[in-house]
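Here is a briefing for a reader who is meeting this structure for the first time.

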Amino acid sequence: MTTVRRAVLTLPAAPLGPDNPLPALRAPAGAGAHAVDARTLAELPRDMARGIGRAPLRSLLPAPVRDGYGRERTPADLDTIVIENDRLRVTVLPGLGGRVHSLHHKPTGRELLYRNPVLQPAAFALNGAWFSGGIEWNIGATGHTTLSCSPLHAATVRAPDGGPMLRLWEWERLRDLPFQVDLWLPEGSDFLYVGVRIRNPHERTVPAYWWSNIAVPEERRVLVPADAAWHHGYERGLNRVPVPVTEEGADLSYPLNGAHAADFFYDLPEEQRRWIAALDADGSGLVQTSTDPLRGRKLFLWGTERGGRRWQEWLTEPGTPGYAEIQAGLARTQLEHLELAGGAEFSWLEAYGPLAADPAAALGDDWAAARAEVEGHLAAALPRTAVDAAYTAWREGAADAEPETVLAAGSGWGALEVLRGGHALPGTPFPESTLGPDQEPWRELLRTGVLPPPAKGAGPGAPLVAAPWRDMLETAPADPSTEYHLGIAQWHAGDRAQAVRSWERGLQRAEVRWPLLYCLAVADREEGHPERAAERFAEAFADHADRDAGEAVAAALGREVVAALLATGRAGPARELWARLPAEVRGRGAFRLLEIRILLAEGRPGEARAVFDEGFEVADLREGAEILGEVWAELTDELLPHAYEFRMRPS
């Protein structure tokens, strides 16, 4: 019999720490790594170009930036949910985006996924904290979801066969969409079934994005039913290439043959069954398949050059095996978004399980024969008709079933949206009991038309930016807190001039000035006024310091103001402000890097080099970041030390 139970997993883990207290007014910092240049865009198929240009993020609002983690790991107990039958044991992390941490095949004793031995956050999610390994559910916009390290609602539900099923669900805030992920193991099945549904409860059309991201050991061959792929590196290109892709004669269906980090989005024929597999030298490994709506398949490899190997070390324990990613998504590439009409949904079924093929055929040079070998074994183990039938049974008989036993709680944001919009969402309840302190001011605005101010001397609460909330803010009494939140909502909507006016009005009567000054400083910088931006950042820091608003605010504002002062050639004030930061903050890697930049601006390269030689780690270094190499090149022509080599592009 299949069982679903709670359990605890102990891993060396770096704590997530506090969220950044500053509103995320800018687009994701790593967005450039996934961009496509205008020349390439003009040469792409029309529907692909439209999908790439559809509704890019102007900001991360209303999600917070999650950058409070470090790199010191200690043993931590993580709550898990285990789904198990006589063939598979599936371990899920409901408090960390619903990640499938492990998929263990009991008859062979094989782990089918790459299972990270540590929990080490790194700045790969759209809003920061993310970790590698397992299967993750990416919704929202191009990149790793803002829910990567956030709790989801979880409960048991009746599966289509009457056994227990695990339901995960949440309200995704970037696109304002509820979604659910249902996981179950039919009795005696070698395959984990996953039913996914994204619903649009609004009247308007919304951009939709989904990619299931599967980490597998990189000592594998990746097979997929395609003869071509769209190659995307870190140089803003998107080129159609033959599959299997070769690089200097090496077959890149083996991830360890690639020199540089790269994405390969496979171009599956329309009528082709959707699947992707990663097999070891014995011809055994993992296969993922789905119903047709999950159209895309992808391979991401880190490459064997110094930057790719350093990232592999950064995300786990040095000396442990690396990983590659095989993925499945709604569009052909991760750069595209689809349109989800008002009141409509996207839904599909995925299946994950073991596959054993003849290694001579599956790993041979004949690509067509290799694909046919895998597809034949998949058809025998799990026919396409069985996947379609399982989807129909789930969608018609289980997707709307109400949860039975609650196993974990997510955020209260979905409850707030259901309260405001009166949405009917069978199967995914967002009860008022999940509302918390972050939602309480907004519930009061909904009930009374007045947004209550924060406690005396406190900073502002979490923002909301959707049009209905913006409308309510526009008619609420205009105190400084309301003007602050109204400006954020206007900024998110693209009305930057009106946002600035709202913030300036709020500043005239504000007791706590730093949140409004910060917003105005960002607006100045975005509008091309770096000197005024630096002055306002400095003024915000001074207001915060006078109020002792806490170390998290000091670190966030201090990092902004020092960078802004250096950008305008003011090394002296940058040094003075850096020295005012708490000693613990100055000791963090990001602030050691700022210290190096200050020393360079002061004409003290020897002392700047000494900081490099002493060693530091910037815990929230972004994917694709090249700042360490750029600063090192200002000091010397020597090879960048391995510890600082994170560049992902060919030099």
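The model is a predicted one, in which local features need pLDDT of at least 70 and side-chain atom pairs count only at pLDDT 80 or more, while totals for chains, interfaces and linings use all residues. Residues are numbered from 1 along each chain as its sequence is written, and side-chain values use heavy atoms, with hydrogens and water left out. Helices (H or I, at least four residues) and strands (E, at least two) are DSSP runs, numbered from the N terminus.

- Helix α15 spans residues 571-580, and its buried residues are Ala571, Ala574, Leu577 and Trp578. These cover an arc of only 130° around the axis, which places them on the same side of α15; the arc is that of the directions from the helix axis to the C-beta atoms.
- The buried residues of α15 pack against α13 (530-547), α14 (551-567), α16 (583-586) and α17, contact being defined as heavy atoms within 4.5 Å.
- In helix α18 (residues 605-614), the buried residues are Ala608, Val611 and Phe612. Their arc around the axis is only 100°, so they lie on the same side of α18, whereas Gly606, Asp613 and Glu614 are exposed on the other side.
- The cover over the buried residues of α18 includes α17 (589-601) and α19 (627-635), and the helix is followed by Gly615, which has a positive phi near 100°.

**Nonpolar cores**

- A nonpolar core is a set of buried Ala, Val, Leu, Ile, Met, Phe, Trp, Tyr and Cys residues joined through side-chain atoms within 4.5 Å. The largest one has 86 residues, and those with the most contacts inside it are Trp137, Leu183, Trp210 and Tyr266.
- Strand β26 (residues 345-356) supplies the largest share of this core, namely six residues.
- Another core, which lies apart from it, has 75 residues, including Leu22, Leu566, Ile598 and Trp632.

**Aromatic rings and charges**

- Rings of Phe, Tyr and Trp (its six-membered ring) pair if their centres lie within 6.5 Å, with planes under 30 degrees apart counted as stacked, over 60 as edge-to-face and the rest as tilted. The count by this rule is 24 aromatic pairs.
- In one of these pairs, the rings of Trp210 and Trp348 have centres 5.6 Å apart and planes at 70°, so the pair is edge-to-face. Because Trp210 belongs to strand β14 (residues 210-217) and Trp348 to strand β26, the pair ties together parts that are 138 residues apart in sequence.
- Trp210 counts as buried at 0% relative accessibility, and Trp348 is likewise buried at 0%.
- Phe612 and Phe616 form a tilted pair, 5.5 Å from centre to centre with 50° between the planes, and both residues are buried.
- A cluster linked by ring pairs consists of Tyr114, Phe124, Trp130, Phe300, Trp302, Trp311, Trp314, Tyr323 and Phe646.
- The charged end of Arg71 sits over the ring of Trp314, 3.6 Å from its centre, a charge being over a ring if NZ of Lys or CZ of Arg is within 6 Å of the ring centre and within 35 degrees of the ring normal. In a further case, the charged end of Arg173 sits over the ring of Trp413, 3.8 Å from its centre.

**Strand β9 and its partners**

- Strand β9 (residues 153-158) is mostly covered, with five of its six residues buried.
- Six bridges join β9 to strand β10 (residues 164-172) in an antiparallel arrangement, where two strands pair if DSSP finds at least two bridges between them. His153 has Trp169 in β10 as its bridge partner.
- The hairpin of β9 and β10 has five residues between the strands, and Gly162 in the turn has a positive phi of about 90°.
- Two bridges also join β9 to the antiparallel strand β27 (residues 406-408), in which Val406 is the bridge partner of Ala155.

**Backbone details**

- Most residues other than glycine have a negative phi, and most peptide bonds are trans.
- The peptide bond from Leu61 to Pro62 is cis, with omega near 5°, and Pro62 is found in the loop between α2 (46-52) and β2 (74-84).
- Asp176, which is not a glycine, has a positive phi of about 65°; Asp176 is buried, with a relative accessible area of 10%.

Notes: Buried < 20%, exposed > 50% of the residue type's maximum accessible area, 1.4 Å probe, protein only.
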